[in-house]
Amino acid sequence: MGFIFQWIKDLQEFYSWADSISDARTAKWLFVPSIFSPVAFVVTYLFLIWMLPRVMKNKEPFQLKSLLLIYNAAMVLLNFYIAIEAFLSSAAAGYSYSCQKFSMSFNPRELRVTSVLWWFYFSKFVELLDTIFFLLRKKNNQVSFLHVYHHTSMVCLWWIGIKWVPNGQAFLGAMVNAMVHAIMYTYYGLSALPYLRKYLWWKKHLTQIQMAQFLLLLIHALASLYVECDYPLWMKYTFIGYMVSFLILFSNFYIHAYFAKKYGKREPDKANAEAVTNSDVLANGVAGPQQVQEKKNI
């Protein structure tokens with residue numbers, strides 16, 4: 001027991017020290033000051049994942065068609081704004097695409113970059129609703145490990161980014177990811193309209209876009225290790241590890257979803273080729289292999 005108490009004390013001391021060197025510019029911004037914000041959201045999110053299937057077990061699924069149309073449209077606009085503003089603000093600040101140093105300056109141009117990165121961080125809280133919509137529509141099979149890992153880790157990682165390194169090199173990941181999400185939520189919105197579904201032939205390519213995104217950002221992060229710029233090395237390595245984890249998970253998904261027959265594994269249902277709404281896709285834009293198989297019984 002003494003060891004546990006000492007470990008807790010050391011952890012508290014470390015957090016107090018880390019908090020003392022965090023970025024003063026974002027110290028009072030929404031969801032930034034304390035670790036309580038991301039932890040509270042993640043814990044609540046995980047609790048709802050456990051609770052909602054039980055609450056909905058004997059109830060009819062909600063349709064939420066109008067709500068999903070509004071939600072998807074709003075997410076397209078938000079992500080498109082983030083992508084464009086990240087590009088414009090970084091260009092105005094003269095940012096480098098090879099390796100941009102971190103700055104704690106209160107220069108308006110640096111603050112503009114920091115502001116748009118906060119909006120990107122905020123969008124990760126909003127995206128937790130993707131899972132809630134799945135569960136309210138009783139599409140529980142869509143809530144895979146990849147889905148939950150994606151949502152929870154993005155909230156936590158970007159809290160660290162906004163609290164300690166809310167500009168510099170971080171702008172590129174936010175800019176690229178926001179543009180990818182704008183494309184994905186556009187697909188979601190269009191697929192919610194039945195008469196457009198037959199024209200949405202590019203669902204498979206959403207996964208390819210995601211994987212290309214992770215590979216591009218991984219290569220960029222690795223290259224930045226060999227470029228002189230004052231950006232925290234610990235954040236570079238954290239980002240590299242994170243991109244590797246996504247590449248592994250998405251590669252595994254892609255093989256199972258689209259090459260199952262070739263590799264002698266479970267063959268995806270023909271419905272895998274059809275356009276679907278938020279209730280039939282991962283938060284990352286594609287139906288999972290297990291989900292595809294289970295669609296036969298939905």
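Predicted model: local features only at pLDDT ≥ 70, side-chain atom pairs only at ≥ 80, totals over all residues.
**Group meeting talk: a walk through an all-helix model**

Let me begin with confidence. The mean pLDDT of the protein is 86, and 87% of the residues reach 70 or more. Among the elements, helix H4, residues 108-126, has the highest mean pLDDT, at 98. At the other end is helix H10, residues 289-294, with the lowest mean, 41. Over residues 265-298 the pLDDT is below 50, and this stretch still has 102 contacts in the model beyond near neighbours in sequence.

Now the overall picture. Of the 298 residues, 49% count as buried. The accessible surface comes to about 15,100 Å², and carbon and sulfur atoms hold 68% of that area. If you take the contacts with a separation of 6 or more, 81% of them are between residues 24 or more positions apart.

Next, the inside. Which residues touch the most other members of the largest nonpolar core? They are Tyr121 and Trp158, in a core of 73 residues. Helices H2 (36-56), H3, H4, H5 (129-136), H6, H7 (170-191), H8 (203-224) and H9 (233-258) each supply at least two residues of this core. H7 gives the most, with 12 residues. Staying with tyrosine 121 for a moment, and leaving out residues up to four places away in sequence, its contacts are Leu30, Phe31, Val32, Pro38, Val155, Trp158, Trp159 and Ile162. As general background, nonpolar side chains in soluble globular proteins tend to be buried together.

A surface patch of about 1,200 Å² is made by Met1, Phe3, Ile4, Phe5, Trp7, Ile8, Leu11, Phe14, Trp17 and Ile21. Methionine 1 lies in the segment before helix H1, which covers 2-20. Is methionine 1 buried or exposed? Its relative accessibility is 70%, so methionine 1 counts as exposed.

On to the charged pairs: the count comes to 4 salt bridges, and I will show you three of them, lysine 163 with aspartate 19, aspartate 23 with arginine 25, and arginine 112 with glutamate 85.

In the pair of lysine 163 and aspartate 19, the closest N and O atoms are 2.8 Å apart. This pair links distant parts of the chain: lysine 163 sits in helix H6 (residues 145-164) and aspartate 19 in helix H1, 144 residues apart. Lysine 163 counts as buried because its relative accessibility is 2%. Aspartate 19, at 32%, counts as partly exposed.

Aspartate 23 and arginine 25 meet through their side chains at 2.6 Å, N to O. Here aspartate 23 is buried at 2% relative accessibility, and arginine 25 is buried at 5%.

Finally, arginine 112 and glutamate 85 bring their closest N and O atoms to 2.6 Å. Arginine 112 belongs to helix H4 and glutamate 85 to helix H3 (residues 65-92), 27 residues apart, so this pair too links distant parts of the chain. Arginine 112 is partly exposed at 33% relative accessibility, whereas glutamate 85 is buried, with a relative accessible area of 13%.

Note on methods:
Residues numbered from 1 in each chain as written. Heavy atoms only, no water. Patch = residues over 30% accessible without salt bridge, like charges linked within 9 Å, V, L, I, M, F, W, Y side chains within 5 Å. Areas by Shrake-Rupley, 256 points an atom, 1.4 Å probe, with all protein chains shown as cover. Helix = DSSP H or I, 4+ residues; strand = E, 2+ residues; numbered from the N terminus. Buried < 20%, exposed > 50% of the residue type's maximum accessible area, 1.4 Å probe, protein only. pLDDT = per-residue confidence, 0-100. Contact = heavy atoms within 4.5 Å. Core = buried A, V, L, I, M, F, W, Y, C linked by side-chain atoms within 4.5 Å.
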